[in-house]
Amino acid sequence: MAETQDKTPTEIRCQEMSKGGLAYEVILAEPIGTPVVPKRPLSPGTKTPSAEEIEEKLKAAEERRLSLEASKMTALAAKMAKIEEASRKRDELTSTFITSTKEALDAKMEIHVGKREAYISDLRAKVKDHLVGVEKTRLTIEQQTGEVWKAIEGKMNTAAAQRDENMKKMLDRLKEHEEQVQKVRTSNAEKFHHLELAIQEKLDMASTRRAQLELEQKEKLRNYNQVKTAEVRNLAAQLITNKNTELSKEMENKLTVAELNREKEIQKKIENVKKQERRAEMVRQNKAALAEQNGDEAVTASSG
């Protein structure tokens, strides 16, 4: 039998050798097709085989074929036995792995269940202890709250009694203060009345004195004016008789000026008298304010 040769396709490789240029590499394959086997020339001395030889050769070839098939079947059976053995071992390993894994998982589950039950038992015990503590705390708080309420009620009752007593004392003090204020007001009213009478008396005396002074001043001015007027008139009569009409006019002007000056002096004196009256009124008001302030200080001192 002629062996077939491996067929390798033609391969073309392309790579860039430089910028702007390409290089191609062409690899040719082996020739494709069945190679021509040259026939060996028959040697001149060979004989033509007979039918018996051919039959023997065919039997031998058949035996070789049968032997080859038997060997192949034996090899195949051995391979199948090996595959079955490998499958059996694999099944055994798988079964062993599953069994061991299941046992391990069961053990882990048992451990986990035990731990969980232990944790739940511990948690229940802790919750029970916590509830017992909460109940104790609640009872203690209720007891303390009752005691505190009792103490507060006692303090409130005491405070109410103390407040009533303090209110009574404050009312007594206020009553005493009102009585003292009334006494001070009565005393100050009497003092103010006497003071007003004294001030009024002094004002009356000052007014009388002022009127007398005004009368005296007016009388003096009147006498002075009469004397001066008589003198001036006498002088004017003399001048009129001795001098001409111009001098008489000049004297009349002087008399007019003198009369005006006299009126101005009288007005100034009247203004001075009014100033003295205002000053006396201010003094009276200051004395009244001072007396009222002294009365308020006396009331404050008595209330304190």
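Q: Is Lys126 buried or exposed?
A: This is a predicted model, in which local features need pLDDT of at least 70 and side-chain atom pairs count only at pLDDT 80 or more, while totals for chains, interfaces and linings use all residues. Residues are numbered from 1 along each chain as its sequence is written, and side-chain values use heavy atoms, with hydrogens and water left out. Buried means under 20% relative accessible area, exposed over 50%, and partly exposed in between (1.4 Å probe, protein chains only). Lys126 has 53% relative accessibility, so this residue counts as exposed.

Q: Which residue forms a salt bridge with Asp122?
A: A salt bridge is a side-chain nitrogen of Lys or Arg within 4 Å of a carboxyl oxygen of Asp or Glu. Asp122 is partly exposed, at 38% relative accessibility. The closest N and O atoms of the pair are 3.8 Å apart, and the partner of Asp122 is Lys126.

Q: Where do Asp122 and Lys126 both lie?
A: Helices (H or I, at least four residues) and strands (E, at least two) are DSSP runs, numbered from the N terminus. The two residues are four apart, about one turn of the helix, and both lie in helix H1.

Q: What is the N to O distance in the salt bridge of Glu135 and Arg138?
A: Glu135 and Arg138 are three residues apart in helix H1, so about one helical turn separates them. Glu135 is partly exposed at 35% relative accessibility, and Arg138 is partly exposed at 37%. Their side chains meet with an N to O distance of 2.3 Å.

Q: How many salt bridges does a search of the whole structure find?
A: One of them joins the side chains of Glu62 and Arg65, at 1.9 Å from N to O. For the whole structure, the number found is eight.

Q: Which residues form a negative surface patch?
A: Patches are made of residues with over 30% relative accessible area and no salt bridge, with like charges joined within 9 Å and nonpolar side chains (Val, Leu, Ile, Met, Phe, Trp, Tyr) within 5 Å. Lys and Arg count as positive and Asp and Glu as negative, while His and the chain ends are not counted; each charge is placed at NZ of Lys, CZ of Arg, CG of Asp or CD of Glu. Accessible areas come from the Shrake-Rupley method with a 1.4 Å probe, and for residues only the protein chains shown count as cover. The negative patch consists of Glu52, Glu53, Glu55 and Glu56.
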